[in-house]
Amino acid sequence: MSSEVVGVGERRWVNGLLGLAAWFVGALYFFPIFWMIANSFKEEAVANADPTLSFSPTLDRYRDVTGETVGLLGFSEAFGNSIRVVLASTVIVLVLAIPAAYALSIYPIKKWRDVLFFFISTKFLPLVASILPIWILARELDLLNTQRVLVILYTAMNLPLAVWMLRSFFQEVPKELVEAAEIDGASLFGQLRSVILPIAGPGIAATALLCVIFAWNEYFFAVQLNAADAQTVPIWVTGNVSTRGNFIAKLSAASVLASLPVVIAGWVAQKRMIRGLAMGAIK
Amino acid sequence: MASVTYEQATRFYSGTERPAVDSLDLDIVDGELLVLVGPSGSGKSTALRMLAGLEPLDGGDIMIGDRNVSAVRPRDRDIAMVFQNYALYPQMTVAENMGFALKQQKVPKDQRREKVLEAAKILDLEPYLDRKPKNLSGGQRQRVAMGRAIVRDPAVFLMDEPLSNLDAKLRVQTRTQLAELQQRLGVTTVYVTHDQVEAMTMGHRVAVLKDGILQQCDTPGTLYHSPANRFVAGFIGSPAMNVLDVDNDGAPRLAGVEVRLADGGVEPATVEAVGFRPEAATLADGAPLRGRIRTVEDLGSEVFVHVQIATGDATSEQVDVVVKMPPPFAGQPDDTVGVQLTGELHTFDAEGTRTATTSAQFVA
């Protein structure tokens with residue numbers, strides 16, 4: 001051994017080994033997804049037999065899960081419900097969080113630390129601890145089995161996160177720009193629109209995407225409060241679990257369909273989002 | 001166009017012991033270019049931001065013309081500001097940047113374009129109107145920031161160290177252009193800088209601030225020749241005035257050598273410090289104030305000689321003076337020389353206030 005200090009990754013074989021380990025972990029993570037996709041193209045019998053990769057792919061399972069049956073939650077209805085609930089709650093979150101983040105970063109109000117803490121403190125309580133009062137409230141307000149209740153809850157669920165994220169993005173906006181716009185005669189709204197939003201755009205996109213993902217994947221509230229009507233995609237996915245016969249292949253197909261929108265949105269927004277998240281993380 | 005008046009204007013930052021700007025009284029006449037100058041932390045930028053409305057007043061008032069703007073929002077003060085980092089809107093083109101304020105005022109599009117073009121012509125920005133700020137050089141960005149201010153035709157221009165991000169050569173060029181432009185437009189301008197040369201060359205009058213307190217506000221010539229106190233004396237001028245503490249046994253003494261004042265109306269026993277400019281002294285072999293040359297700065301047209309005065313006492317503090325000599329200068333470092341006064345000498349009392357300006361001699 002030389003007396004020279006050699007850091008991890010400076011030796012070729014160490015690098016190679018670390019690379020190999022990374023690939024292994026990556027494969028480990030991806031394998032269940034790969035298996036889900038593979039299963040979704042199988043016959044039920046094949047999917048439930050010994051695991052195999054030699055099978056003749058079929059789209060029948062996709063036809064099964066997207067086919068509509070009277071009286072049961074259909075694919076298009078569930079997707080429609082989800083899209084409406086997710087978009088509505090995300091729009092409301094942004095409309096509320098952008099001004100809040102402004103007031104906590106650009107010209108911070110007094111006690112802004114306390115306000116920030118309050119926002120995040122709403123996430124301390126386990127959801128399950130609050131579900132009974134929420135359910136009773138929803139029932140009293142006639143909101144059970146409506147899309148509205150999910151819009152409200154998803155807004156409440158994502159708002160603290162959005163405020164925190166947007167705040168860190170807004171802090172990246174040089175203060176002189178806001179001051180210049182103020183001196184140039186721009187109103188508060190004008191400053192927001194012409195100075196802050198263009199600069200914090202990627203951050204806002206990242207925040208919106210995260211809200212969309214969280215709302216899209218939310219299952220607990222959906223199943224507790226919307227057992228009958230206005231059901232969302234996660235419920236539709238579990239609707240393919242059947243007590244009669246095999247369902248692994250069908251469930252896989254449904255899961256693939258449920259994942260696709262998020263994966264596509266994430267793919268499209270990947271670059272911006274990583275930039276956005278990194279930006280927030282550094283500060 | 002308008003005058004600007006600070007009346008006992010005060011700004012306190014919470015968590016600090018003394019005000020950032022302390023009871024500032026300042027009258028800036030219509031069309032004047034007033035420079036606020038001082039070291040960092042002197043409150044000059046804060047004073048400017050108070051005028052802009054970006055810092056609230058904790059006391060006193062600020063008037064633009066005869067309108068008290070103390071409680072008026074920045075956007076309603078009819079001012080334009082040039083920021084140190086220019087603060088150009090990155091997603092807008094040069095033309096959009098310059099026209100932004102007019103757009104906010106709902107000026108029709110064709111009028112807007114006309115005004116932007118006019119300003120672009122003045123500032124040589126016509127070829128760049130469709131570029132984004134990131135595709136401009138530092139000097140061009142600075143001119144866009146200027147352009148954004150002049151298209152508005154405001155009552156007052158505020159400039160916060162607008163040249164400090166330019167390289168030295170461009171800074172000197174732009175300084176002249178800026179002063180000319182201000183002269184031509186005749187708009188009252190308040191200009192902040194930490195650079196006393198910039199202050200002296202540009203300002204009709206210069207206000208020197210220290211620790212939030214106005215030290216002196218006067219023409220560059222008056223500041224130079226009749227500084228109000230030790231601070232102004234030392235701050236204005238490059239190289240700085242030689243301001244030296246003296247021993248006083250009824251007559252001021254410098255390294256044992258008496259500073260004999262001509263009848264300047266000041267009681268010699270009250271003199272605590274004396275100051276003289278490098279050009280108010282010369283090196284002469286027979287002079288009683290002796291010292292050793294430390295360095296020689298030959299600038300071609302003039303030579304500055306730094307002399308360490310021999311105090312005759314190894315424990316006391318070193319006293320250095322700078323003397324301006326005409327070229328050619330033959331002296332070398334470590335040569336022993338004598339310093340002789342040829343021009344004015346300022347005397348300062350215990351509080352640092354200038355008490356007299358008179359001729360004087362060093363007498364052994």
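Q: Is Arg18(B) buried, partly exposed or exposed in this predicted model?
A: Buried would need under 20% relative accessible area and exposed over 50%. Arg18(B) comes in at 39% relative accessibility, so it counts as partly exposed.

Q: Which residue does Arg18(B) meet in a salt bridge?
A: Let's start with where the two partners sit. Arg18(B) is in the loop between β1 and β2 of chain B, while its partner is in the loop between β9 and β10, so the pair ties together parts 193 residues apart in sequence. The N to O distance is 3.5 Å, and the residue is Asp211(B).

Q: How far apart are the closest N and O atoms of Arg294(B) and Asp320(B)?
A: Arg294(B) lies in strand β17 and Asp320(B) in strand β19 of chain B, so their pairing ties together parts 26 residues apart in sequence. A salt bridge needs the nitrogen within 4 Å of the carboxyl oxygen. This pair forms one, with the closest N and O atoms at 2.3 Å.

Q: Which residue forms a salt bridge with Lys324(B)?
A: Lys324(B) itself is in strand β19 of chain B, and the partner sits 22 residues apart, in the loop between β17 and β18. The closest N and O atoms are 3.4 Å apart, and the partner is Glu302(B).

Q: How many salt bridges are there over all chains?
A: Some of the charged residues link up in a network: Glu179(A), Arg11(B), Arg49(B), Glu55(B) and Asp58(B). Over all chains, the salt bridge count comes to 20.

Note on methods. Residues numbered from 1 in each chain as written. Chains lettered and ligands numbered in written order. Predicted model: local features only at pLDDT ≥ 70, side-chain atom pairs only at ≥ 80, totals over all residues. Heavy atoms only, no water. Salt bridge = Lys/Arg side-chain N within 4 Å of Asp/Glu carboxyl O. Helix = DSSP H or I, 4+ residues; strand = E, 2+ residues; numbered from the N terminus. Buried < 20%, exposed > 50% of the residue type's maximum accessible area, 1.4 Å probe, protein only.
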